[in-house]
Each structure stands twice: as structure tokens, then as C-alpha cells.
Amino acid sequence: MKCFRMNKIPTLYLIILFIFSSQASSSAATSDPQPDSALNLSSSYEQLSSRTKVLVAQEFINSRVEFNAHQAVIQQSQTFVLIKNEIEKARNFLRQGYSYRAIKEEIDRLTEWKNMACEGVVTNKDKVQTVRNLTTTSILLKELLNRTNSRLQQITDYQKTLGQFQYNLDSLLMDSVLYCVPNDSVSLIRYFQRLMLLNKDYKPVNDPLRVALDSIENLEIKVSMIKFSLESDIAETESQRKALFEKIGIIETGTLGKGIPGDQSVGDVLAFSLKKAELVLWFYAVNHLISIILMFLFIFGIAFYLIMLGRKARVDHLRETSEHDVHVLSHPIASATLMVITVFQFFLPLPPFVFSGLLWIICGIAVSVIIRKSVTPLRFSSWLLFFFLFLIGFAGNLLLRQSVFERWTMLVFMLSGLAAGLFFLVKLNKQEIKENLILIFIGLMIVCEILAIINYLSEGYNQAKTFMVSGVFIVIVSYFLFWTARLGNNTLRMSLYFLKGPDDEHPAGFKEKSGKSWPLWFYLLFFIGCFILISRNFYFYQTIFEPLSEALIAARTIGAFTFTYQSIIVFFGVLILSGIISQVVSFLASDTTAVHGKPASGGVGSWLLLIRIAIITTGVMLAFVSAGIPMDKFAIIIGALSVGIGFGLQTLINNLVSGLIIAFEKPVNVGDIVEITGQIGKMKSIGIRSSVVTTWDGANVIIPNGDLLNQHLVNWTMGSSRRRFDLTLGVAYGTDLGKTKQLLLDLMLTDPRILKNPEPIVLALDFNSSSVDLILKFWVSHFAIGFDVKSDLIVAVDKLFKEHGVVIPFPQQDVYVRSSASLPEKEADESL
């Protein structure tokens with residue numbers, strides 16, 4: 001900047017000096033006029049003007065050049081700073097490192113797992129493929145593809161970050177302003193120092209950055225090759241599944257025993273099958289870990305809810321008085337496990353058989369615990385036998401290849417299943433079993449076992465195995481669905497029972513026995529659910545539902561907004577779930593008035609509204625995140641709501657804000673006795689928008705929270721529970737008021753429910769038209785007994801006055817009727 005000013009000052013000084021010298025010469029010329037003075041003077045001014053313009057123009061050019069040079073220096077300094085920052089970011093990112101060796105080892109494992117999955121299907125093909133081997137291989141390859149895609153996405157993201165660093169550094173280093181060399185020596189020395197420091201920092205980062213880019217590109221190529229190979233193997237497997245599905249019908253022939261490798265024993269087949277089962281189970285659990293964790297969280301939450309229901313039921317003696325079954329109260333953990341796992345299987349994306357089988361084993365144990373003491377010995381024995389057959393069928397279905405040993409065990413299993421089905425179908429008659437659905441599915445099991453025997457005799461291995469296992473699975477799954485529906489219905493009825501409270505009429509259906517027939521829609525849903533759980537691993541099921549699944553996850557665009565049907569379902573599902581959780585928490589944390597008959601005492605109930613608001617707010621945020629909706633869209637929605645508030649939602653927002661004020665200030669809590677606009681009742685619930693007050697006559701009054709704060713609210717529970725009551729009465733004129741007052745005072749003092757401190761008083765109130773009014777003022781220890789005390793006091797006063805001759809007057813009028821005969825003649829004529 002100093003150099004810039006020193007260049008400017010001498011130039012301006014010379015211009016000014018030149019102008020003054022020119023004016024001086026012009027003045028001298030005017031002082032000695034000549035004949036041509038006017039002409040010379042005009043010529044001198046023109047020369048002065050032209051010289052001035054030339055000097056000013058030259059000065060402007062020089063100033064602009066210096067300004068541009070100064071701006072270039074500033075931009076150059078900023079570029080140096082940007083390059084320095086980018087180098088530091090790249091250095092810190094490289095220091096974090098990337099597990100190249102671990103990825104290379106995983107690539108080798110993926111290749112090994114892929115080869116193991118393709119054994120007998122894509123490579124070293126068996127002579128006759130089994131449905132189980134093709135299905136297991138297809139699921140395993142798809143899980144491997146999911147893992148490969150996940151790893152490939154991580155590699156791609158890392159590569160993009162490295163590439164962005166490289167691009168930023170290269171683009172900054174290619175900026176022309178970086179190579180503008182200053183003219184003065186001081187700036188030139190500073191410029192070269194910066195270049196040396198930049199080169200010293202840049203080279204140790206640039207070389208590792210390029211090496212990392214080369215390495216990550218090689219990894220990306222290898223993982224991409226594995227991905228393409230997996231996709232090719234999946235296509236080959238699906239092609240074989242399709243061909244096998246189209247080839248076999250209900251009756252298959254000529255495959256039993258033809259696919260048995262001559263050099264493999266039962267142990268080899270078992271080892272091969274267990275390896276594949278272990279792999280597919282591991283990958284499915286890892287790839288769907290969040291869903292599995294969520295399932296166990298639901299089990300924990302519902303079990304806790306059922307335990308809380310059990311505590312309420314013990315106080316209300318529900319187990320002893322109810323004719324309905326209360327299995328959820330006796331076995332809350334087993335009931336929660338059965339209900340959650342059974343329902344959750346409908347939402348798990350195509351689980352492998354081994355995973356579903358393990359979940360069914362857990363459900364089977366839960367059912368055994370639940371019905372062990374609640375059903376007849378014959379029914380429990382039938383269940384144990386069917387569950388034992390299921391365990392054998394589960395173990396046998398894990399074998400993915402044929403063996404001689406399996407041929408004989410299949411025959412024994414089919415005959416055993418057929419005999420068990422026929423035996424229990426006859427024994428479990430309608431007098432002993434009320435669940436007709438179970439009988440229907442036992443009949444379906446018998447049909448499946450007969451079809452399995454027919455296929456076995458015609459050497460149809462795949463269909464024989466399918467019908468054999470499906471028959472037993474149908475009965476087991478029907479048990480799970482039936483008991484899930486029964487326990488869920490029982491839970492819902494008990495929740496409504498406690499929600500209504502002791503003073504309300506309970507649902508009539510709760511006292512009914514479990515033998516009540518189910519509606520038609522339940523049977524329809526029951527069969528659909530059983531069909532889905534049994535057939536979801538079959539090829540025909542995937543051909544039907546995979547297009548639907550692809551339609552749900554397909555991206556769709558409206559303007560600049562991209563969405564999927566799945567994201568919409570997730571969005572509303574999370575919102576509904578948060579609302580349900582909020583209601584459940586409200587139910588569990590609410591007062592125990594319905595059970596104990598006493599008002600609640602602060603605690604969690606006083607913060608209930610804040611807890612519900614927090615749950616709903618968290619649910620809304622999770623709904624946006626889970627559905628993949630950007631938060632800027634959330635800001636747009638908030639902006640739209642603000643416009644709506646300005647136009648027509650003032651009352652709604654007023655009630656919502658009033659709810660928050662009630663939650664923080666807590667002028668009233670759930671269970672408090674309040675008086676609003678002359679009505680007295682108990683605060684039943686405090687909602688986000690409105691609150692409910694139950695009056696003494698049993699009516700539920702819904703009051704918006706804004707009105708609750710704006711009106712005069714009397715909280716009889718807050719502070720002391722004592723209350724003063726007044727009783728006004730009148731005595732006839734002429735009554736000894738002093739004696740009457742003393743009688744009334746002694747009467748109140750003899751009642752133990754009337755407090756002695758503050759002591760009751762009797763005051764003369766007013767001279768009325770027909771009486772002298774007295775007022776009795778007394779205090780009771782709790783406002784709940786005040787009306788009873790007042791009622792008893794009225795009866796006692798009436799008795800007391802009768803004993804002492806005190807008259808309680810009442811308004812009366814005397815009407816005198818006079819006949820016309822007694823009137824004077826003139827008055828009689830006038831009256832006529």
C-alpha cells in the first residue's frame with residue numbers, strides 16, 4: 001500500500017504544478033498585451049487542456065494497472081490459504097486410513113463363500129436338484145450380493161472423497177492467479193517463500209493421495225467383478241428354480257434316489273448342508289440386524305406392558321372373577337414372545353428357512369409354556385407330538401441333498417404324521433376342543449401326508465419332501481396364529497377394561513368365554529396368513545410377490561421430489577407407531593384410580609403430557625429420517641403450517657400451547673378434583689389439545705386446554721384438601737335466636753367429621769319476608785365427604801328443631817273471599 005501511494009503523489013503533484021505554471025505564463029502574457037493577444041491566449045488554453053487530458057488519462061491507466069495488481073495479490077493470498085486448508089483436510093482424511101488389507105481378506109472370503117454357495121447348483125451340478133438346495137442357494141447368493149453391494153458402496157464413497165480432494169487441489173493449483181509474479185523485490189521474496197512452503201506441504205499429501213486412489217480403484221474393480229459374478233450365479237439359480245417349478249406338478253416321478261452322489265455319505269451331506277445353513281443364517285442376521293433388534297425391543301416392550309396389566313389385574317382381582325382366559329397375565333413374557341415373533345415374520349423380507357424355523361421353535365416353546373396348564377391333557381399331548389414332528393421335519397429339511405438314510409426316514413415320518421393326524425382328528429372332537437380351525441388344519445395335514453406318500457411311491461423326491469414337511473408346518477403355524485390372535489384379543493379387552501375404570505360399564509365381551517365363534521373375516525385372514533408363512537420360500541410365491549416388492553421400492557418423481565411407496569408406508573407407519581406408544585405410555589403412567597379408587601399422587605403422571613409430546617415429536621423426526629425425506633422438506637411443511645396458522649389455526653395452536661403451559665406449570669394433574677364453570681369433577685386425562693373432566697354424574701366433559709386456562713379453574717386437590725361448607729336456614733319470627741344458635745353450634749361440635757379448628761360458627765344472616773335467616777359455616781377434613789356431612793347435618797337440624805319446638809317457616813299467603821251479600825248496595829252494583 002505504501003508503494004501505491006508513493007507512486008501516486010509525485011504524479012498528481014506534477015499535474016498541479018504544470019497547471020499553475022501554465023496559468024502563470026498566461027497571466028504574464030495578459031499583462032503585456034500584443035496585437036494578437038486574444039488569439040495567442042485561446043491557443044494556450046487549448047494546449048493546456050489537451051496536455052491535461054493526456055496526463056489524466058495516463059494516470060487513470062496507471063492507477064487501474066496498480067489496482068489490478070493489488071487485487072491479484074489479494075486473490076493469490078486467498079488461493080494459498082485455500083490450498084493450505086485443502087491439504088490439511090486431505091492429510092487428516094488420509095490419517096484416518098482405510099482397511100485395505102481387511103477388504104482384501106473379505107474379498108477372498110466372499111469368493112470362498114460364493115463358491116460354497118454355488119456348489120452343486122452352478123458348479124459341480126447334482127444330477128437331480130432339490131428344491132431346498134436351490135432355494136437356500138438363491139437366498140445365500142442374494143444375501144452375499146447385499147453384503148457385496150454394501151461394501152462396494154463404502155468403497156465408492158471413499159473413492160469419491162479421495163477424488164474430490166484430488167480435484168480440489170488440482171483445480172486450485174491450476175488457478176492462473178497463483179502464478180502472477182510480483183514486480184517489487186519484497187513481494188517477490190515473499191511469493192517464493194510461499195511457493196516453497198506450499199511445495200513442502202503438497203508433495204507429502206499428493207503422493208499418498210494418488211496411491212490411495214489407485215489402491216481403492218483396484219479394490220472397486222475386484223468387488224465389482226464379484227458383484228457381477230454373483231448376479232450371474234443368481235440368474236443361473238433362478239433359472240433352475242423356474243425350470244424345476246415348471247417341470248414338477250402335484251405328482252412328481254423319477255427323481256427319488258437319482259441325485260444321490262455315490263461318494264458322499266450322510267455325514268458329508270450333513271456337513272455340506274450345515275455350512276450353507278450357517279452362512280445363510282449369519283448373512284441374513286447381519287444384513288437385517290436392525291429389524292431383528294427392533295423385534296426384540298417389541299418383545300421387551302409388550303412383555304413390560306403385560307406385566308403392568310398383571311399388576312392392575314391383581315389389585316382388581318380380575319383373575320379370580322373373570323370367566324375369560326387370562327393367559328397374558330399368567331405368562332406375559334411367553335405371550336409377548338409369541339405375539340411379536342408371529343406378527344413380525346410378516347414384515348421380514350423373505351427370511352431363509354433356517355431363520356424362520358428357529359423363530360418357530362421359539363414360538364413353539366412359548367406356546368408350550370402358555371397352554372401347559374390351561375388345556376386338557378389330550379390337547380396338550382397332541383400339541384407336543386405335532387411340535388416333536390415339526391422339530392424332526394425342521395432338521396430333515398436342512399439336508400440339501402438326497403441320501404439313502406433320508407429316503408427311509410422320509411417314509412417313517414410320513415406314516416407317523418398321517419397316523420398322528422388321523423388319531424387326533426378323531427379324538428379331538430368338538431366337545432373337547434373349541435378351536436375348530438385347528439381341526440381344519442389337521443385335516444389339511446392328513447391330505448399333505450397322503451400326497452407325500454403318493455409322490456414317494458412314484459419316486460418324486462422334491463414333492464414328497466415338500467408335502468411331508470408342509471403338512472406338519474401347517475398345523476404348527478395354525479397353532480401360532482390362533483394363539484397370537486387369542487392372546488392379542490385378550491390383551492385388547494383387558495386394556496379396554498382398565499381404561500374405562502370401575503365406574504364405567506366394561507365391555508360385555510370380556511366376560512364371555514373363549515368358545516365364542518370368530519367372524520368370517522378372521523377365518524379369511526387366518527388362512528391368508530398361514531398361506532404366506534408356509535409358502536414364502538417357494539418359487540411361485542416369489543414370482544407373485546417380487547414384482548410387488550419391486551414396485552414398492554421403485555423410485556418415483558414428482559417435480560424435484562423423489563419418493564417410493566415403501567418410504568410413504570414407513571413414514572405413516574412410524575407416525576402411527578409413535579401415537580400408539582404415546583397412548584400406551586399414557587395408560588401405564590396414568591393414575592391408578594380405576595384400580596385403587598384413590599386419587600393419584602403426583603410423580604410420572606404430572607409429567608405425562610410432556611412425555612407424550614416428546615414421544616410424538618421423536619416419532620415425527622424418525623418418520624422423516626426413516627422415510628428418507630430431507631429435512632429441508634420438513635422446513636417447507638413447517639412454513640406451510642405457519643401460513644395455515646395465520647389464516648385459520650389460531651384456536652388449535654392456542655390449545656396446543658396451553659397444553660404445554662399446563663405441562664410445565666402443572667396447575668392441575670390427572671386425578672385432581674377441579675371445579676370449572678360451576679361443575680365439579682375429577683381430571684381424567686390431560687391431552688395435547690384438550691383435557692377430559694369426569695363429573696360426579698358420570699359425564700366426561702371435553703374441555704380445550706385454552707378454555708381450561710382462560711376460565712376460572714378451582715383445584716380442590718392442590719394444597720390442603722380441607723373445605724368449608726355453608727348451610728343456610730330460616731327460623732320463625734319470635735324464636736330465641738341466642739338459644740337456637742347455641743343448639744346449632746353444639747350439634748356441629750358433636751359431629752366428629754366437622755373440624756374443631758377452624759371451629760364451626762353460626763351467624764344471623766338476614767331478616768327475610770317470613771323468617772330470620774341463619775347460616776352455618778363448618779370445615780371438613782376432605783372435600784370428598786363434605787356433601788355427606790351437609791346432608792346428615794340437615795337431617796339432624798330438622799330433628800333438633802322438632803325436639804325444641806323451633807319452627808322453620810315457609811312463605812304463605814292468606815286469601816279472604818267476601819260474598820256480595822255482605823257488601824253495601826252501591827259497592828255490589830259497582831262490582832257487577
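Which residues do ring pairs link into a cluster? I'm working from a predicted model here. I found F353, W360, W383, F387, F390, F394, F473, Y479 and F480 in it.

Next I looked up the helices behind some of those names. Helix α11 covers residues 353–371 and helix α12 residues 377–397. I get an angle of about 165° between them, with the axes 11 Å apart. That is over 145°, so I call α11 roughly antiparallel to α12. The crossing of α11 past α12 is left-handed.

Then the contact itself. On the α11 side I noted F353, W360 and I361 among the residues that meet α12; on the α12 side the list includes W383, F387, F390 and F394. Sorting the contact residues, I have 15 nonpolar, four polar and no charged.

Back to the rings: I count 21 aromatic pairs. I picked F353 and F473, whose ring centres are 5.6 Å apart with planes at 20°, so this pair is stacked. F353 sits in α11 and F473 in helix α15 (residues 461–500), so the pair ties together parts 120 residues apart in sequence. Both are buried: F353 has a relative accessible area of 16%, and F473 has 6%.

Last, I checked F725 and F787, which pair edge-to-face at 5.3 Å centre to centre, with 80° between the planes. F725 is in strand β8 and F787 in helix α25, so this pair ties together parts 62 residues apart in sequence. I have F725 as buried at 4%, whereas F787 is partly exposed at 45%.

Note on methods: Residues numbered from 1 in each chain as written. Predicted model: local features only at pLDDT ≥ 70, side-chain atom pairs only at ≥ 80, totals over all residues. Heavy atoms only, no water. Axes fitted to C-alpha atoms, helices over the stretch in contact; angles between N-to-C directions. Helix = DSSP H or I, 4+ residues; strand = E, 2+ residues; numbered from the N terminus. Parallel < 35°, antiparallel > 145°, perpendicular 65-115°, else oblique. Left-handed = near helix turned anticlockwise from the far one by under 90°. Contact = heavy atoms within 4.5 Å. Nonpolar A, V, L, I, M, F, W, Y, C, P; charged D, E, K, R; others polar. Phe/Tyr/Trp six-rings, centres within 6.5 Å; stacked < 30°, edge-to-face > 60°. Buried < 20%, exposed > 50% of the residue type's maximum accessible area, 1.4 Å probe, protein only.
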